[in-house]
Amino acid sequence: MSKQVLILPGDYIGPEIMAEAVRVLEKVNQGFQLGLELEYGLLGGAALDVHGVPLPEETLARAKEVDAILLGAVGGPKWDGVERHLRPEKGLLGIRSELQLFGNLRPAILYPQLADASSLKPEIVAGLDILIVRELTGGIYFGEPRGIRTLENGEREGFNTYVYNESEIRRIAHLAFSLARKRDGRLCSVDKSNVLEATILWREVVEEVAKDYPDVELSHLYVDNAAMQLVMQPKQFDVMVTGNMFGDILSDAAAMLTGSIGMLPSASLDQAGRGMYEPCHGSAPDIAGQGKANPLATILSVAMMLRYTLASAEAADAIEQAVSAVLDQGLRTPDIHSDGQQLVSTVEMGDAVVAALNC
Ligand code: IPM
Ligand code: MG
C-alpha cells in the first residue's frame, strides 16, 4: 500500500530548500521502491497570502490523514504587521498542537568534515553527538491565560502562563528515556526548579519515570547552567530532555556547536510515532532567493522521516551517506564554507547529494 507524504514548503528559503529535499526524496522513492506519494500544501505566510489564515482547514485535514509531513520553514518580515493570531508561526504551532506532536527530537551531530566550521575549538566539539528532546505541545508556548491587557492605570501588561501537567511531563520523559536507552544511556533533564513550580513538578515526574529505566543514568541541570555547560563542555551530554521554551533556546545553541544550524534536521512525533519533519532553522529572509540557503538540514530531515515514521532505514542510511560524501568532496554552502573549499549554491548542493545517492 502506498504511503502519503505531505510537503509544506512554507516561506522565504522554505521553498528553495524543499525543492532540493524533494529531489532527494523522489530519487530514493524510486531507487528503493518505497511507494511514497507526495502531495503539497500551504502553511504559514504562504497560506496566509492565499487563504487569509496561516493553517488552512484543508492543510490540517490532509496533515491528519497522511503518513508523514515534511516542512520547510515559516514566517518572515512580510507578515510582521499581521494580527497576532494570524502570524505565520501560529500555523506551525497550530499543526504541532492539533496533531499532538509532543516529542521534538533535535540531534546536534558534528560532521568531522565540518569541525573547523564550529565557533568552538575542534577538540571541544570533535565527535559531538547530542540529542535534544524538546516538549513541543505544552509549556509557556501554549499555556492559558495569555495576552496583552491594559491595566486600570492605563499601562499595558503582557502575560503568559508556564504550565505542565503530569501526563505531559510523563510522556516526554518516557520518550527521552527510551531514546537514551538506544544511545549512550545518559539523560540530562533541564529545568529551572530553583524558581519555577512548573519545573519543580517536571523534576519530580522525571524522577518517577526514571524508576522504569534503571539502565539509564539520569542527571538534572538548571537551564542557565545547562546553557553554560553546552558551550563549555558539550561532549558531556548524550540525551537532554526539557520543556518547550528551554528546548527552543538550547537547541539553537547546540546547533551552532556543530558549525551551522543549516545542517540540523528535526522530528516532531506523536504518541504513535507519526510525525512532522523539518530543519531546525527558520525561513532566513535575509538570504532568501539568492541560492545561499543550505538544503542539507531539510535533506537530513527526509532521512529522519524515512527512519522514524516510514520504516525505510536503508533509504535513510543512503541519504546520510550521500550527505557525508558531498562534504568529503569539499562542497560547502556559505554557512559552512571556509578557505580551500568549493562554494556551492542551494541547487548545486542538491545536485551533488542526488548524484552521490547510492540507489
Ligand atoms: C523552532 C522555531 C519555532 C519555535 C518558531 C518559528 C515558532 O523557533 O521550531 O525552534 O519557537 O518553536
Ligand atoms: Mg527555535
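Trainee: How many nonpolar, polar and charged residues are in the lining of the largest pocket?
Mentor: The lining has 10 nonpolar, 6 polar and 11 charged residues. Here Ala, Val, Leu, Ile, Met, Phe, Trp, Tyr, Cys and Pro count as nonpolar, Asp, Glu, Lys and Arg as charged, and the others, Gly among them, as polar. Please note that this is a predicted model, in which local features need pLDDT of at least 70 and side-chain atom pairs pLDDT 80 or more, while totals for chains, interfaces and linings use all residues. Residues are numbered from 1 along each chain as written, chains are lettered from A and ligands numbered from 1 in the order written, and side-chain values use heavy atoms, without hydrogens and water.

Trainee: What counts as a pocket, and what as a cavity?
Mentor: On a 1 Å grid over the protein atoms alone, a pocket is an open set of points with protein on both sides within 12 Å along at least five of seven lines, a cavity is a set where a 1.4 Å probe fits but cannot get out, and lining residues have an atom within 4 Å of a point.

Trainee: Which residues lie nearest the centre of the largest pocket?
Mentor: Glu89, Lys90, Leu92, Leu93 and Tyr141 do, out of 27 lining residues. The space in this pocket is about 610 Å³.

Trainee: And which element gives the most to that lining?
Mentor: That is α4, with 5 residues. At least two residues each come from α4, β6, α9 (244-257) and β12 (275-279).

Trainee: Where does ligand 1 sit?
Mentor: Ligand 1 sits in the largest pocket. Around ligand 1 are Glu89, Arg96, Arg106, Arg134, Tyr141 and Asp248, each with a heavy atom within 4 Å of the ligand. By class, this shell holds 5 charged residues, 1 nonpolar residue and no polar ones.

Trainee: How far are the polar side-chain atoms of Arg96 from an oxygen of the ligand?
Mentor: One such atom of Arg96 lies 2.7 Å from a ligand oxygen. For Arg106, a side-chain N or O atom is 2.8 Å from an oxygen of ligand 1, and a polar side-chain atom of Arg134 is likewise 2.8 Å from a ligand oxygen. The protein buries 76% of the 320 Å² that ligand 1 exposes when taken alone.

Trainee: Changing topic, what lines the largest cavity?
Mentor: Its lining consists of Val66, Asp67, Ala68, Ile69, Leu99, Leu101, Asp270, Arg274 and Gly275. That makes 5 nonpolar, 1 polar and 3 charged residues. The volume is about 40 Å³.

Trainee: Is the peptide bond from Glu144 to Pro145 cis or trans?
Mentor: This bond is cis, with omega near 0°. Pro145 belongs to the loop between β5 (129-135) and β6 (147-150).

Trainee: What about phi of Gln100?
Mentor: Phi of Gln100 is positive, near 50°, although the residue is not glycine. Most residues other than glycine have a negative phi, and most peptide bonds are trans. Gln100 lies in the loop between α4 (88-98) and β4 (103-109).

Methods. Polar contact = N/O pair within 3.5 Å; in protein donor to acceptor, adjacent residues only side chain to side chain. Areas by Shrake-Rupley, 256 points an atom, 1.4 Å probe, with all protein chains shown as cover. Sits in = over half its atoms within 2 Å of the grid points. Points joined across faces, edges and corners; volume = space filled by probe spheres on them. Helix = DSSP H or I, 4+ residues; strand = E, 2+ residues; numbered from the N terminus.
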